[in-house]
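Welcome, and take a moment to look over the model below. We will walk through it together, one part at a time.

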Amino acid sequence: MYVAGVILGANDVCLLAVSGLFAFIVAFPKLDFLLLQFQSVIFFFAYKIVPSKVRLEKQSKPAHKGFFDGIVIQLFNPKVYVVALALFSGIPILFKSLIFS
């Protein structure tokens, strides 16, 4: 059931992207910092993941995750928003680049 919740949560985020989340952010210039925050989070995760060492620990009882947990994880996952906006908004990768203007 957890995987079904993750899929439904990702679809909810895609619906937000299709419904005009990026258009809303662009319509209000004061919200441009959100785009920078989305990018910063992705780079932060990459910075933390690459040098990390894998530690395997035995758990006495694995945590049971349900349908609702999958939905909540996807709704608060910034990577899903970045991917959905890139797929469905049709924006260029370098939105306000001086190089390409």
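Two residues are said to be in contact when they have heavy atoms within 4.5 Å of each other. Helices are DSSP runs of H or I with at least four residues, strands are runs of E with at least two, and both are numbered from the N terminus. What you see is a predicted model, where local features need pLDDT of at least 70 and side-chain atom pairs count only at pLDDT 80 or more, while totals for chains, interfaces and linings use all residues. Residues are numbered from 1 along each chain as its sequence is written, and side-chain values use heavy atoms, with hydrogens and water left out.

Let us begin with the overall plan. The protein has five helices and zero strands, and along the sequence the pattern reads α-α-α-α-α. Among contacts between residues at least 6 apart in sequence, 83% join residues at least 24 apart. How many of the 101 residues count as buried? The share is 20%, where buried means under 20% relative accessible area, exposed means over 50%, and partly exposed lies in between (1.4 Å probe, protein chains only).

Now look at a pair of helices. Helix α1 (residues 2-18) packs against α4 at an angle of about 35°, and their axes are 7 Å apart. Such axes are lines fitted to C-alpha atoms, for helices over the stretch in contact, with angles from 0 to 180 degrees between N-to-C directions. Where the two helices meet, α1 brings residues including Tyr2, Val6, Leu8 and Val13, and α4 brings residues including Phe67, Ile71, Gln74 and Leu75.

Gln74 is in helix α4, and it counts as buried because its relative accessible area is 9%. Leaving aside neighbours within four places in sequence, Gln74 is in contact with Val6, Gly9, Ala10, Val13, Val80 and Tyr81.

Follow the chain on to the loop between α4 (67-75) and α5, where you will find Asn77. Is Asn77 buried or exposed? Its relative accessibility is 15%, so Asn77 counts as buried. A polar atom of the Asn77 side chain lies 3.2 Å from the backbone nitrogen of Lys79. Lys79 also leads us to Gln39: their C-alpha atoms are separated by 9.0 Å, although the two are 40 residues apart along the chain. Gln39 lies in helix α3 (residues 33-49) and counts as partly exposed because its relative accessibility is 42%.

We finish in helix α5 (residues 78-88), the place of Ala84. With 1% relative accessibility, Ala84 counts as buried. Which residues of the earlier chain can we relate to it? Ala10 is 74 residues away along the chain, yet the C-alpha atoms of Ala84 and Ala10 are separated by 8.6 Å. Asn11 and Ala84 are 73 residues apart in sequence and 9.2 Å apart in space, C-alpha to C-alpha. Asn11 is in helix α1 and is partly exposed, with a relative accessible area of 41%.

Note on methods: Polar contact = N/O pair within 3.5 Å; in protein donor to acceptor, adjacent residues only side chain to side chain.
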